[in-house]
Amino acid sequence: MEIRKPSIKSIPYEEWKDNETLESIINELNEGGVNVVLGNLDSLINWGRSNSLWSLTFATSCCGIEFMACGCARYDFARFGFEVTRNSPRQADLIMCAGTITHKMAPVLKRLYDEMAEPKYVIAVGGCAISGGPFKNSYHVVKGIDEFMPVDVYIPGCPPRPEAILYGMMQLQRKVKVEKFFGGVNRKEKNPSPLVIKDIPKNFAHEMKSAADTCVNAVKKEINDTFK
């Protein structure tokens, strides 16, 4: 809900929009011993939201170790209000995607994102989450999670140091503080579907099927030999 034109009995609307009039009223109240702070509700709510960001950790490789280091005594990101990590998307404000995302894992990550309540944010940590990293040319790794979900902050590195992760979280804080909590659209996001590999080479698929059949036959033979 956004208030277009406030109606206050003792203050005409023209004076309500005049900062000098408001400052004179506040100074008069302060001189009488009343403590008054001017601001808006958006700033107050976003101040609280930006200093209590709960992350849903999605660490799949070495970048997750750097994120763990941020919570230790040396870096201690509890002083920023980031120490609460959730295992449920319904209790999280952001997804901290730290590590390699494969095509098989992408639908799971997208489902977790869809289950989060608005407003929600995504941080891509490390080269793998941003562009695929050293596995960019492989057939099974997504070339950046922004191909199937919107990303708010990119933290480059392979892996990035804890200082870089802290700086990326501080950038997200700044982004949250300037949003409009009441009214307005903060972000028009696309909702692309997860990437699905369809052009798998036939010889590769045949080799994988042969390898799987070999494993199945070996397990069956071992079971039969055990019960003889």
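**Entry 1. Cores**

I began with the largest nonpolar core, which has 21 residues, and those with the most contacts inside it are Phe 77, Leu 94, Met 96, Ile 123, Val 125 and Leu 172. I took a nonpolar core as a set of buried Ala, Val, Leu, Ile, Met, Phe, Trp, Tyr and Cys residues joined through side-chain atoms within 4.5 Å. Buried stands for under 20% relative accessible area, exposed for over 50%, and partly exposed for what is in between (1.4 Å probe, protein chains only). At least two residues of this core come from each of helix H4 (63-70), E3, E4, strand E5 (153-155) and helix H7 (162-177). H7 gives the most, with five residues. Apart from this core I found another, of 19 residues, including Cys 97, Leu 109, Leu 112 and Ile 145.

The model is predicted: local features need pLDDT of at least 70, side-chain atom pairs count only at pLDDT 80 or more, and totals for chains, interfaces and linings use all residues. Residues are numbered from 1 along each chain as its sequence is written, and side-chain values use heavy atoms, with hydrogens and water left out.

**Entry 2. Chain**

I listed eight helices and five strands in the protein chain. Helices (H or I, at least four residues) and strands (E, at least two) are DSSP runs, numbered from the N terminus. Along the sequence the pattern reads α-α-α-β-α-β-β-α-β-α-β-α-α. Of the 228 residues in the protein chain, 32% are buried. I then took contacts (heavy atoms within 4.5 Å). Among those between residues at least 6 apart in sequence, 76% join residues at least 24 apart.

**Entry 3. Two residues and their contacts**

Leu 172 is in contact with Leu 53, Leu 94, Tyr 121, Ile 123, Asp 152 and Val 153. Ser 55 is found in strand E1, and it counts as buried because its relative accessibility is 1%. The contacts of Ser 55 are Phe 67, Val 84, Thr 85, Arg 86, Ala 92, Leu 94 and Met 96.

**Entry 4. Helix H5**

I noted Ala 106, Leu 109, Lys 110, Leu 112 and Tyr 113 as the buried residues of helix H5 (residues 106-115). They cover an arc of only 160° around the axis, which puts them on the same side of H5. The arc is that of the directions from the helix axis to the C-beta atoms. The buried residues of H5 pack against strand E1 (55-59), strand E3 (94-98) and strand E4 (121-125).

**Entry 5. Helix H3**

In H3 the buried residues are Asp 42, Asn 46, Arg 49 and Ser 50. Seen down the axis of H3, they fall within an arc of 90°, so they line one face of the helix. An α-helix has 3.6 residues a turn, so residues three or four places apart point the same way. On the other side of H3, Leu 44 and Trp 47 are exposed. The cover over the buried residues of H3 includes E4 and H7.

Arg 49 lies in helix H3 (residues 41-50) and, at 17% relative accessibility, counts as buried. I found 8.1 Å between the C-alpha atoms of Arg 49 and Lys 177, which are 128 residues apart along the chain.
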